[in-house]
Amino acid sequence: MSEIREPRPRRRRLLRVVVGLLVLLSVIGYFAVQRASVGGGAPFCVASADASGRDGGSEKYEMSPEQAANAATIAAVGIAKGLPDRAVTIALATAMQESALRNLDHGDRDSLGLFQQRPSMGWGTPEQITDPVYSAGIFYDHLVDVPGYSRLPLTVAAQKVQRSGYPQAYAKHEPDATVLTAAFGGGGRLDCGGPAPTQPGDPEKVREGLARIFGKDGMHTAGPQGGGGQAGRNAGGGRAVEEPEITMVEKREAGEAATRRSRAMAHWAVANSREMGIARVSYDLRGWVAGQDRGRWQDKGDAGAKNGDGDPYGAAPGEVRIFMAR
């Protein structure tokens, strides 16, 4: 009778490695398919340096919705103050280093918030510092007091505000901060994918958020639109989002400054869509629908770029329209 031999240890180890690789590849494939599908996968946001957003067509930076919402607020506050792109890039790079764009409730000694500002150093109360609009605003207020800040190296300008123990650390974030600046206020874009909202949105909360940053001029809330729309019916495969209420922000004057403000408003709404129950955003003949098109903006005339009322889901030039889930 032949002797039954146990597998050699080397063969067993090789078998375990092969099985482990196969499991890893299957998991990666699953999440890739989920993410590419309409409305599938975990929420994510991608900032692109140009408006096309095509793969390989521009520099990109990927974030969680929380990070995107905080980055959008930082950029929007700077734009609302009329500050140049350089100021926005400095602020974003600083927050990326200090908090990874997360509104932290802890830090070194009594440091808090996006910029790790300290109540004991006169930056404000803990409640103020952990308010992204306040913390971004006071960062910009200190930055503009730095003579010639826009001509300084980013590390020097940021350090004059922050007084960090590691000033050179800000430099590594400048390329990504530049991409974010272009996405929110320049010629880029922010795409956010993931499931559509399953809870009703609150238009007054959105109005309040926009008004705190941009002011109330030119803003109003319209009532519900009847009948439901295709964009709502197909928004993500979960709970159907019916025709929402609409918050509209109209451009008050012509020019690049107004265009920059409108672009920042639209991308702020997309970045905050998950938290605030925003189903659809339209801006300047372009549209974004939660849970559709892998979270990408669509241009007027693109296949399927229609909402239920037969109108391209891009707004009129110089106009931002924000539709709430309900």
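Hi everyone, let's start inside the protein: the largest cavity holds about 150 Å³ of space. Before I go on, please keep in mind that this is a predicted model.

So, what surrounds that space? The largest cavity is lined by 18 residues, and Gly193, Pro195, Ser273, Arg274 and Trp288 lie nearest its centre. By class, the lining divides into 13 nonpolar residues, four polar and one charged. In total, the structure holds four cavities of 30 Å³ or more. If you wonder how one finds such places, rolling a probe the size of a water molecule over the atoms shows where empty space is left.

Let me stay with Trp288 for a moment, and with the strand that carries it. Strand E7 covers residues 286–289, and both of its faces are covered. On one side we have Arg286 and Trp288, on the other Gly287 and Val289, and all of them are buried. What are the partners of E7? Strand E6, residues 278–283, pairs with E7 in the antiparallel sense over four bridges. In that pairing, Val281 stands opposite Trp288. E6 and E7 form a hairpin with two residues between them. Have a look at Asp284 in the turn, with its positive phi of about 50 degrees. E7 also pairs with strand E8, residues 298–299, again in the antiparallel sense, over two bridges. There, Gly287 stands opposite Gln298.

Now to the sheet that includes E1 and E3. Three strands form an open sheet here, in the order E2-E1-E3, with antiparallel pairing.

Looking at one pair, strand E1, residues 44–48, joins E2 in the antiparallel sense over four bridges. Val46 stands opposite Glu62 in E2. In a regular strand, the side chains alternate between the two faces of the sheet.

Next, the open space. The largest pocket contains about 500 Å³. Which residues lie nearest its centre? They are Ser111, Gln116, Gln162, Arg163 and Ser164, out of a lining of 19 residues. Helix H3 (85–99) and helix H6 (154–162) each supply at least two residues of that lining. By class, the pocket lining has seven nonpolar, seven polar and five charged residues.

Helix H5 runs over residues 132–143, which makes 12 residues. At 1.5 Å a residue it should span 16 Å, and its end C-alpha atoms are 16 Å apart, so the two agree. Is H5 mostly covered or mostly uncovered? Mostly covered, as nine of its 12 residues are buried. Among them are Val133, Ile138, Phe139, Tyr140 and Leu143.

Leu210 is found in helix H8, residues 203–214. Leu210 is buried, with a relative accessible area of 0%. The C-alpha atoms of Leu210 and Ala76 are separated by 9.3 Å, although these residues are 134 residues apart along the chain.

The other one is Arg326, placed in the segment after strand E9 (319–324). Is Arg326 buried or partly exposed? Arg326 is partly exposed, with a relative accessible area of 35%. The C-alpha atoms of Arg326 and Thr198 are separated by 8.6 Å, while the two residues are 128 residues apart along the chain.

Notes:
Residues numbered from 1 in each chain as written. Predicted model: local features only at pLDDT ≥ 70, side-chain atom pairs only at ≥ 80, totals over all residues. Heavy atoms only, no water. 1 Å grid on protein atoms, 1.4 Å probe; cavity = no way out; pocket = protein on both sides within 12 Å on 5 of 7 lines; lining within 4 Å. Points joined across faces, edges and corners; volume = space filled by probe spheres on them. Nonpolar A, V, L, I, M, F, W, Y, C, P; charged D, E, K, R; others polar. Pairing = 2+ DSSP bridges. Expected span 1.5 Å × (residues − 1). Buried < 20%, exposed > 50% of the residue type's maximum accessible area, 1.4 Å probe, protein only.
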